[in-house]
Amino acid sequence: MIPRYGEQVRRGRRYRHRAGVYAILERDGAWLLTCKEDDPTDIQLPGGGIDPGESPIQALHREVFEETGWRIGAARRLGAFRRFVWMADYGYWGEKLCHIYTARPVRPHGPPTEPGHRALWMPAREAAPLL
């Protein structure tokens, strides 16, 4: 059984399935994270939805690059969890199946390509409780 986090499932509410990938990127005791430029307190693991025709690994590389500007290597799947949540960017309730990976941050290629995102490094002991 896959663990569930977030809001309780509500009867009568339609949820759209959305698979996604998220990365724990550690280097020298710090994690590479992403946050919104307009809300620096909204700290998240880099990642997002798997597009049609895309493999989870392809999505992981794309999402990390878009949200942090970094290339990654040595991705390894840790597990998954489900989240039932309002997805404001899409305007619907989603059942998110979140696949979690670890990977090695290899090198930066510039700023994030996804508008409104900012990459940041944070000590793992500080980052874990915020996520």
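The legends below describe close-up views of a predicted model.

Figure 1. The UniProt record, an unreviewed entry, carries the annotation "domain: Nudix hydrolase" for residues 15–131. The mean pLDDT of the chain is 93, and 100% of the residues score at least 70. Among the elements, helix α1 (residues 56–68) has the highest mean pLDDT, 98, and strand β1 (residues 4–6) the lowest, 77.

Figure 2. Val85 belongs to strand β6, which runs over residues 70–87. Val85 has a relative accessible area of 15%, under the 20% cut-off, and so counts as buried. Leaving aside neighbours within four places in sequence, Val85 is in contact with Tyr92, Trp93, Gly94 and Lys96. Arg125 is 40 residues from Val85 in sequence, and their C-alpha atoms are 27 Å apart.

**Figure 3. Lys96, a buried lysine without a salt bridge.** Lys96 lies in strand β7 (residues 92–108). Lys96 is buried yet forms no salt bridge; Asp89, the nearest side chain of opposite charge, is 8.6 Å away. The side chain of Lys96 does make a polar contact with the side chain of Tyr22, at 3.3 Å. Beyond four places in sequence, the contacts of Lys96 include Arg18 and Tyr22, and also Phe81, Arg82, Arg83, Val85 and Met87.

**Figure 4. The salt bridge between Asp51 and Arg18.** The side chains of Asp51 and Arg18 meet in a salt bridge, with an N to O distance of 3.9 Å. This pair links distant parts of the chain, 33 residues apart: Asp51 is in the loop between β5 (47–49) and α1, whereas Arg18 is in strand β2 (residues 16–27). Asp51 is partly exposed, at 32% relative accessibility, and Arg18 is buried, at 18%.

Figure 5. Arg62 pairs with two glutamates: the salt bridge to Glu54 spans 2.7 Å, N to O, and the salt bridge to Glu63 spans 3.0 Å, N to O. Glu54 is buried, with a relative accessible area of 18%. Glu63 is also buried, at 7% relative accessibility. A network of salt bridges links Arg18, Asp51, Glu54, Arg62, Glu63 and Glu66. The count of salt bridges in the model comes to six.

Notes
Residues numbered from 1 in each chain as written. Predicted model: local features only at pLDDT ≥ 70, side-chain atom pairs only at ≥ 80, totals over all residues. Heavy atoms only, no water. UniProt positions renumbered as here; feature names shortened; annotations may be inferred. pLDDT = per-residue confidence, 0-100. Helix = DSSP H or I, 4+ residues; strand = E, 2+ residues; numbered from the N terminus. Buried < 20%, exposed > 50% of the residue type's maximum accessible area, 1.4 Å probe, protein only. Contact = heavy atoms within 4.5 Å. Lys, Arg positive; Asp, Glu negative; His and termini not counted. Salt bridge = Lys/Arg side-chain N within 4 Å of Asp/Glu carboxyl O. Polar contact = N/O pair within 3.5 Å; in protein donor to acceptor, adjacent residues only side chain to side chain.
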